[in-house]
Amino acid sequence: MTQAEIKLCSLLLQEHFGEIVEKIGVHLIRTGSQPLRVIAHDTGTSLDQVKKALCVLIQHNLVIYQVHKRGVVEYEAQCSRVLHMLRYPRYIYTAKTLYSDTGELIVEELLLNGKMTMSAVVKKVADRLTETMEDGKTMDYAEVSNTFVRLADTHFVQRCPFVPATENSDPGPPPPAPTLVINEKDMYLVPKLSLIGKGKRRRSSDEDATGEPKAKRPKHIADNKEPIPDDGIYWQANLDRFHQHFRDQGIVSAVANRMDQTSSEIVRTMLRMSEITTPSNAPFTQPLSSNEIFRSLPVGYNISKQVLDQYLTLLADDPLEFVGKSGDSGGGMYVINLHKALGSLATATLESVVQERFGSRCARIFRLVLQKKHLEQKQVEDFAMIPAKEAKDMLYKMLSENFISLQEIPKTPDHAPSRTFYLYTVNILSAARMLLHRCYKSIANLIERRQFETKENKRLLEKSQRVEAIIASMQATGAEEAQLQEIEEMITAPERQQLETLKRNVNKSINRM
Amino acid sequence: MAGNKGRGRAAYTFNIEAVGFSRGEKLPDVVLKPPPLFPDTDYKPVPLRTGEGEDYMLALKQELRETMKRMPYFMETPEEKQDIERYSKRYMKVYKEEWVPDWRRLPREMMPTKKCKKAGHKSKKAKVTGQGTSLTNPADVLKKIEELEKRGDGEKSDEENEEKEGSKEKSKEGDDDEEDDAAEQEEYDEEEQEEENDYINSYFEDGDDFGADSDDNMDEATY
């Protein structure tokens with residue numbers, strides 16, 4: 001992992017789990033897999049705290065463990081999974097658009113808690129939904145369960161690997177760590193639970209209690225002593241499926257931008273049909289016949305079979321090659337070239353970045369080199385029709401930022417510079433990686449900036465919070481306009497302006513992430 | 001190798017035309033310092049994407065940050081002890097739910113070592129009764145003191161001194177062990193009990209013989 005990514009991971013872990021977990025997590029990311037005692041020794045934290053931190057990390061699927069020979073258990077951190085924490089709001093928003101509030105809350109609970117049993121999720125979500133509903137109405141468990149089942153059927157949530165139930169014929173000592181297994185078929189199998197009940201509204205007295213919760217808490221825990229029917233079956237959010245969904249969204253919007261709405265609908269239909277049948281890293285989807293596509297088009301679209309065929313032919317002939325024709329049976333077999341589509345999307349992003357950073361003439365040179373693969377300096381000037389000096393300047397600027405690279409082709413074995421061809425080329429993969437790395441770096445910078453800004457203005461933020469609370473409570477008790485005015489004036493105008501600027505900056509930094 | 005030095009004039013090893021400078025032209029200045037930290041850019045960045053989705057995700061992100069801090073997974077660093085304990089601190093503590101992981105899914109070494117005081121007490125009691133000594137040691141002590149009173153003052157004063165020493169030892173041990181873990185506190189308790197046991201048992205056993213001997217043979221030199 002690069003330094004920038006490690007820095008970003010450390011900031012994310014610190015924000016979400018605190019400093020102790022951050023220390024352990026970053027140490028594991030830096031050093032690879034290590035056993036428990038070595039971690040405690042190297043980080044200088046007590047064994048107790050290391051254990052707690054590792055439990056938290058394992059619960060959230062950020063660390064996995066493996067039993068090596070001689071019974072040593074080693075722990076390994078998944079850096080890419082830590083970076084996915086950045087996308088949590090997007091996952092939750094996607095669930096909201098697909099399955100409305102219930103789905104959104106289910107995914108949110110699963111992401112916040114790492115793994116949960118189905119009954120626990122259903123109960124919590126029902127309680128939360130009941131809070132937001134009007135007085136007297138409650139959310140039924142059955143409705144939440146239905147949404148959960150739908151999420152499982154479309155693979156947005158999946159079962160965690162579980163401890164296999166072994167018969168105790170083995171008299172030896174139990175292994176130091178359980179080996180978790182999961183069968184491909186069982187991953188989305190929902191257990192047959194009969195969850196009957198309704199969401200409970202939290203009593204308002206609980207919210208006021210500050211000094212009293214201790215007394216109320218043991219009672220609350222005692223309620224959950226009944227045996228859980230699906231004990232041991234944990235569910236987690238299937239992040240790969242969300243990524244697949246984002247990829248599909250990207251492809252569909254690209255087609256819509258390039259061609260028209262109807263073709264994008266056709267592509268969306270094709271992608272939806274192959275959602276579950278195609279693995280997420282396949283180069284192209286399963287071939288779909290034109291008849292099947294016609295049958296699966298959304299109900300509102302009544303285009304004739306002929307028109308559909310014309311659209312498909314157009315899509316297949318497009319130079320971007322999103323859709324390819326793989327056969328003629330069934331009215332024509334069509335596939336979506338996923339890898340090619342993603343490559344074109346990445347290239348388009350690179351082009352737009354060059355344009356925004358260096359100007360449209362640079363972008364012209366960039367596109368030229370992309371198209372022609374390898375070009376000499378003289379050829380660049382000729383093809384792009386840009387004067388030599390400017391072309392040279394732009395090329396060197398892009399070269400220094402690593403968007404373009406140089407390929408040496410020696411004429412003689414001694415690689416003499418005067419007798420070597422220097423060709424400009426664009427290596428898309430490495431340029432894309434460089435861009436991604438830059439994005440991570442800027443996110444880390446933004447988080448730091450946001451923390452700095454919040455710390456600087458902490459006093460002001462607290463004051464404004466208190467004033468808001470006072471205003472709210474006074475409005476609740478029906479105060480006069482004059483009194484409210486007076487209280488609002490507690491925050492002076494320049495302070496107010498400062499607050500506004502702060503809010504805007506913080507929002508901007510969050511938004512850019 | 002003594003190559004052709006161009007008859008005293010510098011010659012480039014590569015074709016200078018290719019780089020773009022004509023012969024004899026003034027080359028640009030050498031750069032002597034790193035580029036500025038925040039250079040001015042000609043092209044300003046594109047404005048941020050706004051929209052219903054983005055606004056919702058922004059609010060969500062802020063909410064998530066707050067919620068995470070209240071979850072039981074957020075491990076807070078233990079604060080340093082302040083000089084004066086503030087009264088208000090008691091009422092500003094945030095109460096978090098306890099979270100217990102599913103131990104069946106984790107390696108066995110993850111479980112905290114079960115050495116809480118209550119368990120220690122029970123095991124200690126079991127141990128103590130197992131050894132055949134009961135918690136009626138004070139009664140034993142008193143009985144044996146009365147027995148020895150009859151034997152003479154010498155033993156009693158010796159015994160008192162030894163008791164004082166024993167208690168000093170115990171208190172010293174107590175001071176040391178207060179800083180140790182509960183595990184060792186349990187051991188300390190056991191040791192204390194054992195100390196008493198050893199002290200009483202061995203002392204009085206020795207004392208019986210010792211006292212009798214020394215009283216009878218006062219004239220002989222003691223080695």
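## Confidence of the model

Chain A has a mean pLDDT of 82, and 82% of its residues reach 70 or more; pLDDT is the predictor's confidence in each residue, from 0 to 100. This is a predicted model, in which local features need pLDDT of at least 70, side-chain atom pairs count only at pLDDT 80 or more, and totals for chains, interfaces and linings use all residues. Residues are numbered from 1 along each chain as its sequence is written.

Residues 167–172 of chain A stay under 50 in pLDDT, and the model gives them zero contacts beyond four places in sequence. Contact means heavy atoms within 4.5 Å. In residues 204–225 of chain A the pLDDT is also below 50, and this stretch has 10 contacts beyond near neighbours in sequence.

## The annotated domain

In an unreviewed entry, UniProt lists residues 350–426 of chain A as "domain: DNA-directed RNA polymerase III subunit RPC3 winged-helix"; such annotations may be inferred rather than shown by experiment. The span is 56% helix and 18% strand, and its end C-alpha atoms lie 10 Å apart. Helices (H or I, at least four residues) and strands (E, at least two) are DSSP runs, numbered from the N terminus.

## Two helices in contact

The axes of helix α16 (residues 360–372) and helix α17 (residues 377–384) of chain A come within 10 Å and cross at roughly 115°. The two helices are therefore roughly perpendicular, a term for angles of 65 to 115 degrees.

On the α16(A) side the contact is made by R364(A), I365(A), L368(A) and K372(A), and on the α17(A) side by V380(A), F383(A) and A384(A).

Methods
Chains are lettered from A and ligands numbered from 1 in the order in which they are written. Side-chain values use heavy atoms; hydrogens and water are left out. Axes are lines fitted to C-alpha atoms, for helices over the stretch in contact, and angles run from 0 to 180 degrees between N-to-C directions. Angles under 35 degrees count as roughly parallel, over 145 as roughly antiparallel, 65 to 115 as roughly perpendicular and the rest as oblique.
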